[in-house]
Amino acid sequence: MNYAGPTETGIILQTVLDELKSRFSEATFNFCFSSLKITSLSDTEADLLTDNVLKKTTIMSHHWEALSGAFEKAVGHKINLNLRSRDDRPEPVKAEDDSSDYTAYKLRYNPAYTFDTFVVGSSNQVAAKTSHAVADNPAELYNPLFIYGPPGLGKTHLLFAILNRLRENFPHFNILYVTGEEFTNELVDAIVQKKNVAFREKYRKLDVLLVDDIQFIENKIQVQEEFFHTADTLFQQKKQLIITSDRPPKEINLEDRLKSRFEMGLIVDIQPPDAELRTAIFKRKSQDLGVAIPNTVLAFLAENIRTNIRQIEGAIRKLKAHSLIEGKEITLEMAVDVLGEYLRTAETSDSMVAKIFDYICKKYSVKKEVLTSGKRDSDIVYVRNIAIYCIRKLTDLSLKKTGALFGRDHTTIINSITRVENRMKNETAYEREIQTVLREISE
């Protein structure tokens, strides 16, 4: 059997890409896999094409097993993969003192990721506004700007939106986007090749440095030291630094001076989108992908698919593929039938809420009915605030729905979360208690 048809090949490629999206950060996926193409495909072999030698080398050196596994999952059995790049050719031999790797680089950016294509809602509007401000006034307002939140919520989109706006407004700027993993690998290579000076010159002569997934340097002391001096140099020269992470600085195992440097700027978070924002994102993504989805189906999907924006896009692509294959318009029945795996994933929020209540009630010897009652005893409020904070951290429930669990409005929920966060900042023992609770619930 050969997968010769363009439709079948396209579906298999998209299935592979969706699998890789779920395994890697948005930054790694965009760099390594977003441009991947299948040039030929049979039941035993696939010929793949990527943009350049750098991407090819990175995939083959670091992600080959993941790529092979994704293809095996997509077609149902192992197949041989052959990867080439558009500019495959013998690499020239460099002199030992050649530092061209570090004195010149190609600016990476995604022109599709702009502020115009970023859908704004209550869960991300602060991050969007501050990103706008930094792009228009680099190194003047928030420096560094640190954006954190769970994977798949648009942090990388905002980085590239900033980058694209900077390129328009400041074409003479020396700008670099890099992931925490890439920074680490470059530093290791520089040490091995004894090119530390060239490495530092590359990073410390920038006007703007954008770093995605900084949490990758966690527990890497030498990398953290180099990054601190890089960040400190840029800061002293009034150059802009923008960073993303899946956690705030205080929750990453970093040197205190590096945390302090991050905290000197502005730290903003992106929360999972609420139902209203998910509906807007579904509409925008379906328009971008040229998929006609009825409003009733959009509302159903927004209510049931909550994990992240990547999951939303994957669901729309899957619906589109089935609609094309079956030659039918998308209906609610088709959505329920085709997207079973996505809808099952959505059930995890409800099960996690139940798990949180069960854990909290046992740990603090209190009944759920008491936590959700109107009682204001100090010991009850103490436990209730912890329960609310855990639900906010471990699920994607909106403030309104969280409030409904406790018979309270969203303002009260915000106040409870703020009290916990402020106390964690000021009381080390309390912070340890909360971190222990979160860890044990997650186990």
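Predicted model: local features only at pLDDT ≥ 70, side-chain atom pairs only at ≥ 80, totals over all residues.

Student: In what order do the strands of the open sheet come?
Tutor: The order is β5-β6-β7-β4-β8, five strands with parallel pairing. From one strand to the next, the twist averages 15°.

Student: And which are the edge strands?
Tutor: Those are β5 (175-179) and β8 (266-269), each pairing on one side only.

Student: How many bridges join β4 to β8?
Tutor: Four, and the two strands run parallel. In that pairing, L145 stands opposite L266 in β8.

Student: Switching to helices: at what angle do α7 and α9 pack?
Tutor: At about 100°, with their axes 10 Å apart. That makes α7 roughly perpendicular to α9.

Student: Which residues meet there?
Tutor: From α7 you have F183, T184, L187 and I191; from α9, Q222, V223, E226, F227 and T230. By type, the contact has five nonpolar, three polar and one charged.

Student: What does E226 form a salt bridge with?
Tutor: R200, with the closest N and O atoms 3.2 Å apart. R200 sits in helix α8 and E226 in helix α9, so the pair ties together parts 26 residues apart in sequence. R204 belongs to a salt-bridge network with these two.

Student: Is E226 buried or exposed?
Tutor: Buried, at 8% relative accessible area, while R200 is partly exposed at 34%.

Student: How many salt bridges are there in the whole structure?
Tutor: The search finds 14. Another one of them joins E251 and K393 at 3.7 Å, N to O, linking parts of the chain 142 residues apart.

Conventions: Residues numbered from 1 in each chain as written. Heavy atoms only, no water. Axes fitted to C-alpha atoms, helices over the stretch in contact; angles between N-to-C directions. Parallel < 35°, antiparallel > 145°, perpendicular 65-115°, else oblique. Contact = heavy atoms within 4.5 Å. Nonpolar A, V, L, I, M, F, W, Y, C, P; charged D, E, K, R; others polar. Pairing = 2+ DSSP bridges. Salt bridge = Lys/Arg side-chain N within 4 Å of Asp/Glu carboxyl O. Buried < 20%, exposed > 50% of the residue type's maximum accessible area, 1.4 Å probe, protein only.
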